[in-house]
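This report describes the architecture of one protein chain. The sequence and the model are shown first, and the description follows.

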Amino acid sequence: MAEYIVSARKYRPMTFDSVVGQQALTTTLKNAVKSGKLAHAYLFCGPRGVGKTTCARIFAKTINCQTPDSNGEACNQCESCRAFDEGRSYNIFELDAASNNSVENIKTLMEQTRIPPQMGRYKVFIIDEVHMLSTAAFNAFLKTLEEPPAHVIFILATTEKHKILPTILSRCQIYDFERMTVPDIINHLKTVAEKEGITYDEQALSIIAEKADGGMRDALSIFDQTASFSQGNITYEKVIEDLNVLDLQHYFNIVDLALENKATEIMVLLNNVINKGFDGGHFINGLAAHVRNVLMAKDPQTLPLLEVSEAQKQQYQAQAQKSPTPFLYKALEVMNRCDVNYRQSSNKRLLVELTLIQVAQITQPEDDSTASGRSPKRLKTLFRKRLKKVRQQSVSQVAETHQQQESAASVAEKQPTASASNTPKSPSVAMPKINLGSLGMSFNNLRKENETKEQIEEKFEVTNTKENQSFTQADLTREWRAMCNRISQTNVGMAQRIRNLSPTITEFPEIEIVVNNNIFLSEMQTIKGRIKATMAKQLKNGNIAISIRLAEQEEIKPILTPRAAFEKLKQENAAVGKLAELLRLDMA
């Protein structure tokens with residue numbers, strides 16, 4: 001029996017024209033070969049399985065070809081081309097940097113650059129997965145890369161360009177390889193299937209192409225796997241069974257059921273999907289991708305964004321015609337919210353079920369019943385209706401009372417004059433109109449006040465937690481007075497009350513503030529965060545801790561007026577009294 005070779009190796013491109021999905025890059029390389037304008041270093045970067053190493057080998061083979069054709073392709077007939085095809089070329093060296101990433105490996109490679117080629121014009125060194133080189137190896141490689149011999153060309157290949165040193169990148173011509181599109185992969189798989197004599201469904205090849213995620217090598221590996229499973233007859237049913245992929249028809253069915261508000265049928269379908277072993281989070285992500293495709297299919301301009309087969313495009317277009325755009329937008333929003341909350345949810349299945357119920361109710365007519373399952377926004381609407389009804393009843397009651405008063409006044413005017421003179425006439429007083437808003441108390445005002453306080457407290461957070469500078473009691477007193485002066489610009493009363501306080505250092509860096517009454521204690525607690533952030537910033541210590549407590553009975557001291565404080569100061573310090581007497585100082 002002949003040796004079996006996997007399709008990824010058997011059908012590996014041997015010429016630039018046979019490379020799939022990289023036309024711009026291959027054209028540039030062919031033009032460089034034709035013109036003879038070759039750089040000394042190239043960097044091929046891109047996702048896995050898109051042809052980086054393959055193009056590097058074709059390029060190395062072509063630049064050493066003795067008789068290239070007019071299109072810049074190798075002739076495959078000369079001795080250099082045949083030596084390369086048979087694996088005996090001494091002009092092309094390949095190094096896997098993933099397993100040869102030490103300084104010694106690079107030094108050995110650099111020693112080989114000194115020897116000119118035995119046959120051909122260039123020695124080509126292909127270094128695959130170059131980002132795996134160590135920093136020391138990069139530095140050893142840098143000098144040779146900067147000034148290589150005239151007969152040496154380096155071709156570097158990597159999937160992670162950001163890990164390569166900038167000094168290496170600046171010395172290379174960089175070629176960014178693109179992901180393979182689904183149509184390109186499908187067309188290539190068709191070619192391979194025809195050469196292998198394998199029958200296929202185009203929809204099955206579409207599933208393989210989507211599963212490959214832009215990599216041709218992955219697509220060919222999956223193709224071999226499904227061909228073996230289906231024994232040469234690749235059908236849609238066998239592909240989804242072999243790859244354990246959820247049938248796209250489930251997504252089409254869910255959208256149709258959601259448009260008809262059939263939540264119970266959706267729950268049954270979800271249960272069948274979960275019983276097959278599919279994760280609820282993956283199911284929601286797949287449904288979101290499906291709804292996105294339906295949205296893209298509504299407009300001919302966005303239809304090319306669908307990376308599906310032609311038959312599936314028609315199916316998406318048919319569903320897009322009967323799906324309202326607001327429904328699709330809302331469904332995407334609901335499912336995105338589910339995806340965000342899925343990992344933190346303790347009951348993941350319930351979260352998925354609630355999400356699908358919400359999607360099924362998007363187009364449902366408004367329902368006032370308590371079991372309608374509407375969102376809290378509906379309760380707010382009902383509350384507004386009830387509040388409006390109460391207001392109307394209150395207005396009608398006020399109008400009725402006012403009318404009764406006017407009737408009583410008219411009856412009193414029709415009584416005889418004598419009785420009127422004997423009985424004091426009470427004037428009719430209209431009911432005063434009370435404007436609740438004028439009282440300054442309303443739910444909106446309270447809510448705005450609380451939100452403002454929360455925003456202020458969030459604004460005054462300690463940001464210099466890494467600073468730990470020491471400070472003394474004098475420093476604390478100085479900064480406390482400075483803070484009071486700043487507060488007095490906006491709130492004179494609060495500044496005056498705070499100025500009378502004397503913060504003390506109890507155990508560094510803990511600061512204690514003693515207040516005289518409970519009301520002031522509550523006020524100080526509300527601005528404790530602001531005081532802590534200010535002191536931490538001014539004293540350059542982010543570890544400050546502030547405690548505020550109510551003063552004991554023996555700690556309460558009378559608040560002195562400026563004159564009383566001055567007289568006390570003169571009594572305690574004779575020098576101050578003598579100075580005031582000499583300078584004739586007195587309080588204004």
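Five strands, 5 in number, make up an open sheet with the order 2-3-4-1-5 and parallel pairing; two strands pair if DSSP finds at least two bridges between them. At the edges stand strand 2 and strand 5 (173-176), each of which pairs on one side only. Neighbouring strands of this sheet are turned against each other by 15 degrees on average, with direction ignored. Helices (H or I, at least four residues) and strands (E, at least two) are DSSP runs, numbered from the N terminus.

The model is predicted: local features need pLDDT of at least 70 and side-chain atom pairs count only at pLDDT 80 or more, whereas totals for chains, interfaces and linings use all residues. Residues are numbered from 1 along each chain as its sequence is written, and side-chain values use heavy atoms, with hydrogens and water left out.

Within the sheet, 5 bridges link strand 1 and strand 4 in the parallel sense. Cys45 stands opposite Thr158 in strand 4. Helix 6 (residues 135-146) lies across strand 1, strand 3 and strand 4, and runs at about 135 degrees to strand 4. Axes are lines fitted to C-alpha atoms, for helices over the stretch in contact, and angles run from 0 to 180 degrees between N-to-C directions.

Helix 3 (residues 52-63) has 12 residues and reaches 17 Å from its first C-alpha to its last, close to the 16 Å expected at 1.5 Å a residue; the expected span is 1.5 Å times one less than the number of residues.

Asn64 is placed in the loop between helix 3 and helix 4. Asn64 is buried, with a relative accessible area of 3%. Not counting residues up to four places away in sequence, Asn64 touches Ser80, Asn91, Ile92, Gly120, Arg121, Tyr122 and Val124; contact means heavy atoms within 4.5 Å.

## The second largest pocket

The second largest pocket holds about 760 Å³ of space. Its lining has 27 residues, of which Glu210, Val245, Leu248, Gly286 and Ala289 lie nearest the centre. Helix 9 (202-212), helix 12 (248-259) and helix 14 (280-296) are the elements that give two or more residues to this lining. Helix 14 gives the most, with 7 residues.

On a 1 Å grid over the protein atoms alone, a pocket is an open set of points with protein on both sides within 12 Å along at least five of seven lines, and lining residues have an atom within 4 Å of a point. The volume is the space filled by probe spheres set on the points.

Strand 8 and strand 9 (residues 510-515) run antiparallel and are joined by 3 bridges. The bridge partner of Thr504 is Glu512 in strand 9.

How values were computed:
1 Å grid on protein atoms, 1.4 Å probe; cavity = no way out; pocket = protein on both sides within 12 Å on 5 of 7 lines; lining within 4 Å. Buried < 20%, exposed > 50% of the residue type's maximum accessible area, 1.4 Å probe, protein only.
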